[in-house]
Amino acid sequence: MADKTHYTELGLVNTRDIFKKAVSGGYAIPAYNFNNMEQLQAIIHASIETNSPVIIQVSNGARNYANATMLRWMAKGAVEMAREMGSQVPICLHLDHGDSFELCQACIDSGFSSVMIDGSHLPYEENVALTRKVVEYAHQFDVTVEGELGVLAGIEDEVQSEHSTYTQPDEVEDFVKKTGVDSLAISIGTSHGAYKFKLAEGEEVPPLRFDILKEIEQRIPGFPIVLHGASSVVQSYVQLINQYGGHLDGAVGVPEEQLRQAAASAVCKINIDSDGRLAMTAKVREYLANNAEEFDPRKYLGAARSELIALMKHKNETVLGSAGKA
Ligand code: G3H
Ligand code: 13P
Ligand code: ZN
């Protein structure tokens, strides 16, 4: 990256104020991942239409897919598009699951307003040291930092963990104090991807560990908590995908009611990626199957984008409670 850019030059905000309002207001800010233009347009349109603050987040995989420079200018374009449409919704550009100091530094230098340093797979003291190092760099530029304690089951970018290790409430106070992080991602039973729970015939999704969340809140009252792996794995999309040639067997996510409960607590950022992937895939499959003569990507990606907007509006309005909070 040749030139350094501060996020304020791109019209972005860090998470400090939006989290403060979300914690006291009992709602959560949506954090949607994007890798391409249609996803980003959909996120911004849904935020504008619901008047919701939003976090647009980029994983290391997204950077490798779309190119870091491309993504940074896309974020600038998204902010300018929103302002031209007459909206002042706060937009935060966040690194999702940063796995090294160097990656966080590169993102901060290129205009990200928030970064996650995910040292959750490291021994505790190493997680503290790495997170502290990122915070020290980030705070020089008023960039906010998300740390993580506890390991989610499933795939955390390239880091695989078969079993979830719940966050230990007796570590959180020490971690927050020693690292200076601005928010903390926790593990209370969610996992990444579209296969969050293995259910036997007729079995219900087990509740998230709200008892652990409550203990965490008691140790660090009012501190911003982040929930990863929060897709609901919308079953109508799974069905459409399977109807039009896909094969997703046993895909299941976190019920919306549980997310509502989380959003009403100190959980003030809810990460959603898989639901968007499912919505896009379902609509692309449906469109192509029903329009065999079409070959214009604007047609099938346009259909996917419209569905993404509807999905995100639904989340903002009826699940996270962020609508009207911009
Ligand atoms: O938590 C991971 C996000 O869903 C991003 O996934 O690494 O495949 O881009 P990705
Ligand atoms: P989902 O796979 O449940 O959408 O989780 C996304 C996430 O946590 C991104 O960091
Ligand atoms: Zn995640």
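## Exercises on a predicted model

Ser52 is found in the loop between α2 (37-50) and β2 (54-59). The structure is a predicted model, and the exercises below begin with this residue.

**Exercise 1.** Determine whether Ser52 is buried or exposed, and identify which side chain makes a polar contact with the side chain of Ser52.

*Solution.* Step 1: the relative accessible area of Ser52 is 0%. Step 2: buried means under 20%, and therefore Ser52, at 0%, is buried. Step 3: the side chain of Ser52 is joined to that of Ser322 by a polar contact of 2.8 Å. Step 4: with neighbours within four places in sequence left aside, the contacts of Ser52 include Ser322, Ala323, Gly324 and Ala326, as well as Pro30 and Asn316.

**Exercise 2.** Identify the protein donors of the zinc ion (ligand 3) and describe their spacing along the chain.

*Solution.* Step 2: along the chain they follow the spacing H-x94-H-x35-H. Step 3: His192 lies in the loop between β8 (183-186) and α8 (210-219), and His228 in the loop between β9 (225-227) and α9 (235-243). These two residues are 36 residues apart, and the pair links distant parts of the chain. Step 4: His228 has a relative accessible area of 0%, so it is classed as buried.

**Exercise 3.** State which residues are closest to ligand 2 and where its oxygen atoms meet polar atoms of the protein.

*Solution.* Step 1: ligand 2 is surrounded by 16 residues, of which Asp96, Lys196, Ser231, Asp273 and Ser274 are the closest. Step 2: an N or O atom in the side chain of Asp96 is 2.7 Å from an oxygen atom of the ligand. Step 3: for Asp273, a polar backbone atom is 2.7 Å from an oxygen atom of ligand 2.

**Exercise 4.** Describe the largest nonpolar core and the element that gives the most to it.

*Solution.* Step 1: this core has 91 residues, and Phe34, Ile56, Ile91, Leu227 and Ile270 have the most contacts inside it. Step 2: helix α12 (residues 297-320) gives the most, with seven residues. Step 3: apart from this core lies another, of ten residues, including Phe19 and Cys268.

Key: Residues numbered from 1 in each chain as written. Chains lettered and ligands numbered in written order. Predicted model: local features only at pLDDT ≥ 70, side-chain atom pairs only at ≥ 80, totals over all residues. Heavy atoms only, no water. Core = buried A, V, L, I, M, F, W, Y, C linked by side-chain atoms within 4.5 Å. Buried < 20%, exposed > 50% of the residue type's maximum accessible area, 1.4 Å probe, protein only. Helix = DSSP H or I, 4+ residues; strand = E, 2+ residues; numbered from the N terminus. Donors = N, O, S within 2.8 Å, 3.2 Å for Na, K, Ca; no water. Near = heavy atom within 4 Å. Polar contact = N/O pair within 3.5 Å; in protein donor to acceptor, adjacent residues only side chain to side chain. Contact = heavy atoms within 4.5 Å.
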